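Here is a set of questions and answers for a student who is learning to read a protein model. Please look through the sequence and the 3D view before going on.

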Amino acid sequence: MPVCVLLTEAIHQTVTVSMKQGDKVVLFTDGITETWNEKREEHFSSERLIRWMEEHHGQQEKTNGKRNQNKKLLEDLVHDLNRFSGGGITDDIAILIAEFL
């Protein structure tokens, strides 16, 4: 079974961004944004994930070491997803954090 599939009918856009030291690119699967809350009334959503990342970005600077910062960010996100869903994450989730050094 393929791990990654490119959809031929998908429309993609090329964007160029400038990055500086410490900037991060976060890639994630839809299992994160489509996690249901405990009452199955709403998804975690892309908007909520963006807000979550913005709120937690500053907190990560208090953690020693880049590797520890990114590891803690992932652990905190999974913890908050579990709390949001009432412990019922039913889809697979994957996250990749790439940091510009």
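The questions below move from the whole chain to single residues, and each answer ends on what was asked for.

Q: What pattern does the protein chain follow when it is read along the sequence?
A: This is a predicted model, and its protein chain holds 3 helices and 2 strands. Taken in the order in which they come along the sequence, these elements give the pattern β-α-α-α-β.

Q: What percentage of the 101 residues in the protein chain is buried?
A: A residue counts as buried when its relative accessible area is under 20%. Among the 101 residues of the protein chain, the share that is buried comes to 24%.

Q: What percentage of the accessible surface of the protein chain belongs to carbon and sulfur atoms?
A: The accessible surface of the protein chain is about 8,000 Å² in total. Of this surface, the part that belongs to carbon and sulfur atoms is 53%.

Q: Which element gives the largest share of the lining of the largest pocket?
A: The largest pocket has a volume of about 420 Å³, and of the 16 residues that line this pocket, the closest to its centre are Lys24, Val26, Ile50, Met53 and Glu54. The largest share, 7 residues, comes from H2.

Q: Is the aromatic pair of phenylalanine 44 and phenylalanine 84 stacked or edge-to-face?
A: A pair of aromatic rings is described by the distance of the centres and the angle of the planes. The count for this model comes to 1 aromatic pair. The ring centres of phenylalanine 44 and phenylalanine 84 are 5.2 Å apart and their planes stand at 85°, and because planes over 60 degrees apart fall in that class, the pair is edge-to-face.

Q: How many residues apart in sequence are the parts that this pair ties together?
A: Phenylalanine 44 and phenylalanine 84 are both buried. Phenylalanine 44 belongs to the loop between helix H1 (30-33) and helix H2 (46-60), while phenylalanine 84 belongs to helix H3 (residues 66-85), so the parts that the pair ties together are apart in sequence by 40 residues.

Q: Which residue lies over the face of phenylalanine 44?
A: A charge sits over a ring only if, among other conditions, it is within 6 Å of the ring centre. At 5.9 Å from the ring centre of phenylalanine 44, the residue that lies over its face is arginine 48.

Q: Is arginine 40 buried or exposed?
A: Arginine 40 is found in the loop between H1 and H2, and its phi is near 60°, a positive value in a residue other than glycine. Most residues other than glycine have a negative phi. The relative accessible area of arginine 40 is 52%, and because the cut-off is over 50%, this residue is exposed.

Q: What is the phi of serine 45 near?
A: Serine 45 also lies in the loop between H1 and H2. Its phi is positive, in a residue other than glycine, and is near 75°.

Q: What distance separates the C-alpha atoms of leucine 49 and leucine 77?
A: Leucine 49 has its place in helix H2 and counts as buried, at 5% relative accessibility. Leaving aside its neighbours within four places in sequence, leucine 49 is in contact with Phe28, Ile32, Thr33, Phe44 and Leu77. Leucine 49 and leucine 77 are 28 residues apart along the chain, and their C-alpha atoms are separated by 8.9 Å.

Q: What distance separates the C-alpha atoms of phenylalanine 28 and isoleucine 93?
A: Phenylalanine 28 lies in strand S1 and counts as partly exposed, at 37% relative accessibility. Not counting residues up to four places away in sequence, phenylalanine 28 touches Thr33, Leu49, Ala94 and Ile95. Phenylalanine 28 and isoleucine 93 are 65 residues apart along the chain, and their C-alpha atoms are separated by 7.5 Å.

Notes
Residues are numbered from 1 along each chain as its sequence is written. This is a predicted model: local features need pLDDT of at least 70, side-chain atom pairs count only at pLDDT 80 or more; totals for chains, interfaces and linings use all residues. Side-chain values use heavy atoms; hydrogens and water are left out. Rings of Phe, Tyr and Trp (its six-membered ring) pair if their centres lie within 6.5 Å; planes under 30 degrees apart count as stacked, over 60 as edge-to-face and the rest as tilted. Helices (H or I, at least four residues) and strands (E, at least two) are DSSP runs, numbered from the N terminus. Buried means under 20% relative accessible area, exposed over 50%, partly exposed in between (1.4 Å probe, protein chains only). A charge sits over a ring if NZ of Lys or CZ of Arg is within 6 Å of the ring centre and within 35 degrees of the ring normal. Accessible areas come from the Shrake-Rupley method with a 1.4 Å probe; for residues, only the protein chains shown count as cover. On a 1 Å grid over the protein atoms alone, a cavity is a set of points where a 1.4 Å probe fits but cannot get out, and a pocket is an open set with protein on both sides within 12 Å along at least five of seven lines; lining residues have an atom within 4 Å of a point. Grid points are joined across faces, edges and corners, and a volume is the space filled by probe spheres set on the points. Contact means heavy atoms within 4.5 Å.
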